[in-house]
Amino acid sequence: MGRGKIVIRRIDNSTSRQVTFSKRRNGLLKKAKELGILCDSEVGVIIFSSTGKLYDFASSSEQWLATAAQ
């Protein structure tokens with residue numbers, strides 16, 4: 001049995017909203033890292049919280065850095 005569907009809408013409770021943001025942010029960054037490793041690709045993610053705090057992830061390889069420097 002799979003998970004039930006949820007309605008995508010703003011979470012009214014600020015505490016619940018912050019907890020959900022943190023969990024989903026970490027999940028998204030983890031998936032971006034996995035995608036970069038599994039597919040040998042360059043991945044970049046930028047996330048701004050509602051308070052304006054920046055979270056980012058960038059995968060890079062030495063070969064890509066050497067090519068970009070030229």
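A: Start with exposure: buried means under 20% relative accessible area, exposed over 50%, and partly exposed in between, with a 1.4 Å probe and protein chains only. The areas come from the Shrake-Rupley method, and for residues only the protein chains shown count as cover. F48 counts as exposed because its relative accessibility is 57%. Buried residues make up 14% of the 70 residues in the protein chain. The model is predicted: local features need pLDDT of at least 70, side-chain atom pairs count only at pLDDT 80 or more, and totals for chains, interfaces and linings use all residues. Residues are numbered from 1 along each chain as its sequence is written, and side-chain values use heavy atoms, leaving out hydrogens and water.

Q: Which pattern does the protein chain follow along the sequence?

A: Helices (H or I, at least four residues) and strands (E, at least two) are DSSP runs, numbered from the N terminus. Here the pattern is α-β-β-α, with 2 helices and 2 strands. F48 lies in strand β1 (residues 44–48).

Q: Which residues make the nonpolar surface patch of about 350 Å²?

A: Patch residues have over 30% relative accessible area and no salt bridge; like charges are joined within 9 Å, nonpolar side chains (Val, Leu, Ile, Met, Phe, Trp, Tyr) within 5 Å. A salt bridge is a side-chain nitrogen of Lys or Arg within 4 Å of a carboxyl oxygen of Asp or Glu. In this model, I46, F48 and L54 make the patch.

Notes: Areas by Shrake-Rupley, 256 points an atom, 1.4 Å probe, with all protein chains shown as cover.
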